[in-house]
Amino acid sequence: MNETKICRLLSSLSSSKENIEILCALDKALFNPSWNETQWQNEFDNPSVEIYIMQNSKDEPIGFLSASIVDKNIEIRKVGILPEFQRKGYASLLMNKVYELSKNYNAETIILEVNETNHPAVMFYQKNGFSVFHERRNYYANHQKAFCMQKNIA
Ligand SMILES: CC(C)(COP(=O)(O)OP(=O)(O)OC[C@H]1O[C@@H](n2cnc3c(N)ncnc32)[C@H](O)[C@@H]1OP(=O)(O)O)[C@@H](O)C(=O)NCCC(=O)NCCS
């Protein structure tokens with residue numbers, strides 16, 4: 001990885017129109033369906049949610065992560081890195097922010113849900129020490145399963 005990384009932590013104070021637009025654009029480039037402006041605004045308004053935007057050395061947004069902290073659990077709600085920047089370690093850096101959060105909140109587990117057919121994401125989470133603890137059948141379109149994955153950190 002030869003580019004400088006900047007992770008910006010955004011709180012509810014940072015729910016500016018610009019940040020919402022950045023997140024919508026990244027989300028749209030990565031997910032179908034993606035969240036709209038209202039859904040991202042709701043994300044900012046949720047006091048248990050932390051949102052990170054990742055920028056490259058040219059200050060261009062290249063990825064994001066949203067996580068919620070409830071009791072002793074951190075849930076990764078969404079994470080994505082633009083295709084041209086993938087496999088360079090950027091999502092791993094965002095995951096480090098989640099580990100920092102888990103320390104700050106004395107969290108015991110990190111959990112998430114991922115489509116069984118999303119092999120890059122499943123591989124990414126496995127590389128990060130997550131394992132499947134439950135399968136939700138017919139959760140997505142075309143009867144695809146959701147893998148519920150977790151990592152114990154306590
Ligand atoms: C999943 C995702 C976030 C990974 O981001 P990334 O920045 O490419 O991940 P990293 O470079 O930090 O990868 C770390 C490790 O994860 C694994 N991994 C990541 N992408 C992989 C892929 N496409 N195939 C196999 N393994 C992969 C590898 O072990 C990799 O280490 P390596 O490159 O040294 O082999 C990215 O593929 C993405 O944005 N996908 C689209 C959005 C999405 O599906 N998000 C997850 C569901 S919420």
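How do the residues of the shell around the ligand divide into nonpolar, polar and charged? In this predicted model, local features need pLDDT of at least 70 and side-chain atom pairs count only at pLDDT 80 or more, whereas totals for chains, interfaces and linings use all residues. Residues are numbered from 1 along each chain as its sequence is written.

The shell around the ligand comprises 10 nonpolar, five polar and four charged residues; Ala, Val, Leu, Ile, Met, Phe, Trp, Tyr, Cys and Pro count as nonpolar, Asp, Glu, Lys and Arg as charged, and the others, Gly among them, as polar. Of the 19 residues around the ligand, Q86, A91, S92, P120 and M123 come nearest, a residue being near a molecule if its C-beta atom, placed from the backbone, lies within 6 Å of it. Two or more residues of this shell are given by each of β4, α3 and α4 (119-127), and α4 supplies the largest share, five residues. Helices (H or I, at least four residues) and strands (E, at least two) are DSSP runs, numbered from the N terminus.

Helix α4 also contains A121. This residue, A121, has 17 C-beta neighbours inside 10 Å and therefore counts as partly exposed; a residue is buried if 20 or more other C-beta atoms lie within 10 Å of its own, exposed if 12 or fewer, and partly exposed in between, with C-beta atoms placed from the backbone. The C-alpha atoms of A121 and V79 are separated by 9.2 Å, although the two are 42 residues apart along the chain.

The largest nonpolar core has 29 residues, of which F64, I76 and L94 touch the most other members. A nonpolar core is a set of buried Ala, Val, Leu, Ile, Met, Phe, Trp, Tyr and Cys residues joined through C-beta atoms within 7 Å. Elements giving two or more residues to this core include α1 (17-30), β3 (61-70), β4 (73-81) and α3 (90-104), and α3 gives the most, with five residues. Apart from its neighbours within four places in sequence, I76 is in contact (C-beta atoms, placed from the backbone, within 7 Å) with L65, A67, V98, I110 and L112.

In α1, the buried residues are I20, L23, L26 and D27. They cover an arc of only 135° around the axis and therefore lie on the same side of α1, the arc being that of the directions from the helix axis to the C-beta atoms. On the other side of α1, K17 and E18 are exposed. The cover over the buried residues of α1 includes α2, β2, β3 and β4.

Key
Two residues are in contact if their C-beta atoms, placed from the backbone, lie within 7 Å.
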